[in-house]
Amino acid sequence: MRYLFILNPGSKGGKSKVKFEEIFDFLHNNQVKFDYKLTKTLEDAYTFSIEGNKNGYDVIVAVGGDGTINRVINGFYDSMGKRISNSKLAVIHTGTSPDFCKSYDLPQEIDQALSAVLKGKSIKIPIGKISYVGEYDKRLDDCPLGMTHGNLQTGYFACCANIGIGASVARGANSGIRDSIGDFAGTLVTLIKTLFSYRPVNYALCIDGKNLVYKKVYNIFVGKTTYIASGIKVKNKLTLREHQFYALTIKNIGYVNWLSVLRKLYRAKEFANNNTMFLQYARKIEVYGSNRNNELEFDGDPRGFLPCVIEPAQDPLDVIR
Ligand SMILES: Nc1ncnc2c1ncn2[C@@H]1O[C@H](COP(=O)(O)OP(=O)(O)OP(=O)(O)O)[C@@H](O)[C@H]1O
C-alpha cells in the first residue's frame with residue numbers, strides 16, 4: 001500500500017503540529033512506509049491531493065481540520081464531478097471542530113484513526129458539487145449561473161454549503177476568536193454579532209426545476225449531514241448514502257424568535273416547517289445572483305459568490321472508516 005499524508009501545521013491555530021510526532025511514531029512503530037507533505041497554505045492541501053491522486057497513492061490522508069479535509073477532498077475530483085483516481089481518503093482530525101468526522105462517524109482519536117488507515121476498510125459517501133463564480137459579477141444579479149461564465153469555479157463539499165450569513169460567520173469564527181475563547185463560544189459569539197448587523201435579502205431559487213422566491217432570508221443551509229460547524233446542527237432525514245440535499249431556509253426572524261431558532265439549531269431539534277424555518281429536500285438547488293449577501297461558504301470557509309448550482313458529484317468518495 002502507498003500512503004500519502006498531507007499535514008496542515010497551521011490547523012487548530014498552529015497547535016496541531018505537536019500531534020504530528022505521535023502520527024510519525026505510530027507509523028514507524030508499525031513499520032509503515034509513507035510519504036508526507038506539509039502545507040504552507042490551504043491551497044497546498046488541494047494541490048498535494050491532486051498530485052497524490054495522479055501519482056497512484058492508494059490512500060491519501062488529510063491531517064488537519066475541516067478546511068484541510070475539504071481541500072484534500074477537492075483534489076479527488078475533476079471539474080465535471082468525476083473522480084480522477086481510485087485512491088481512498090483517510091482523515092486524522094487535528095483541527096478545531098471535527099464536524100466531518102462526527103458527520104461520517106470516523107474515529108477522532110489519533111491512534112484509532114491510524115489503525116483504521118492500516119485496516120483500510122472504506123465506505124462510499126456521495127459528495128456535493130457546487131458551481132459558482134469566483135468574484136461577484138453585477139451582470140448576474142437575479143440571473144442563474146451561466147455555465148460558460150469566464151470565472152466559473154467548481155468545488156466539492158461533504159457536509160454543508162451556506163448561502164447568506166454563513167460566509168460572514170465563518171470568516172469571523174476563523175479569525176482567531178475560537179483559539180482564544182474556544183470553538184463553541186467563539187462561533188456563537190460571532191454568530192450573534194453577525195446577526196445584529198445582518199440585513200436579510202430576497203433570494204430567487206430553482207429547486208428541482210421549480211422557481212421560487214424566498215423573502216427576508218438570513219441563511220440557506222444546503223447540506224448532507226447533521227453537523228455543520230462548532231455545535232450548529234441541522235436535524236434532517238437524509239441517510240449518509242443519499243444523493244440528495246436538505247435545504248433549510250432561515251427567514252423572517254426578529255429579536256423575539258432568534259432564541260428559539262438558535263436553540264433548535266444548537267440542539268438539533270426536530271421542528272415543523274413554519275414562517276421562520278423551512279426544511280425541504282432536493283437533488284438540484286440553484287440560487288440566482290444577488291446584489292447583496294451574495295457570498296457563499298462550504299465546509300466551513302467562505303469560497304465564492306452567487307449565482308450557484310448545487311448537485312451531487314457523479315462519483316462517490318471512498319473514505320476509510
Ligand atoms: N501552514 C499552513 N497550511 C495551511 N493552512 C494554514 C497554515 N498555517 C495556517 N493555516 C490556516 O489554517 C486554517 C485552516 O485550518 P483547518 O480548517 O484545517 O483547521 P481548523 O480551522 O483549526 O479546524 P476546523 O476547520 O476543523 O474547525 C486556515 O485558516 C489557514 O489559513
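The legends below describe close-up views of a predicted model.

**View 1. Strand E17 and its pairing with E6 and E15.** Strand E6 (residues 128-133) runs antiparallel to strand E17 (residues 301-312), and five bridges join them. In this pair, Ile 130 stands opposite Ile 310 of E17. Strand E15, residues 285-287, also pairs with E17 in the antiparallel sense, over three bridges. Here Ile 285 is the residue that stands opposite Ile 310.

**View 2. The hairpin of E16 and E17.** Strand E16 (residues 295-298) is joined to E17 by four bridges, and the two strands run antiparallel. Phe 298 has Asp 301 in E17 as its bridge partner. The two strands form a hairpin with two residues between them, and Asp 299 in the turn has a positive phi of about 45°.

**View 3. Strand E8 between its partners.** In strand E8 (residues 160-164), five of the five residues are buried. Five bridges join E8 to strand E10 (residues 210-223), and the two run antiparallel. E8 also runs antiparallel to E16, with three bridges joining them. Ala 161 stands opposite Val 222 in E10 and opposite Phe 298 in E16.

View 4. Leu 306 and Pro 307 are joined by a cis peptide bond, with omega of about 5°. Pro 307 has its place in strand E17.

**View 5. Lys 12, a residue with positive phi.** Lys 12 is not a glycine, yet its phi is positive, at about 50°. This residue lies in the loop between strand E1 (3-7) and helix H1 (17-29). Is Lys 12 buried or exposed? Lys 12 is buried, because 21 other C-beta atoms lie within 10 Å and the cut-off is 20 or more.

View 6. Ala 268 is a residue other than glycine with a positive phi, near 50°. With 15 other C-beta atoms within 10 Å, Ala 268 is partly exposed.

Conventions:
Residues are numbered from 1 along each chain as its sequence is written. This is a predicted model: local features need pLDDT of at least 70, side-chain atom pairs count only at pLDDT 80 or more; totals for chains, interfaces and linings use all residues. Two strands pair if DSSP finds at least two bridges between them. A residue is buried if 20 or more other C-beta atoms lie within 10 Å of its own, exposed if 12 or fewer, and partly exposed in between; C-beta atoms are placed from the backbone.
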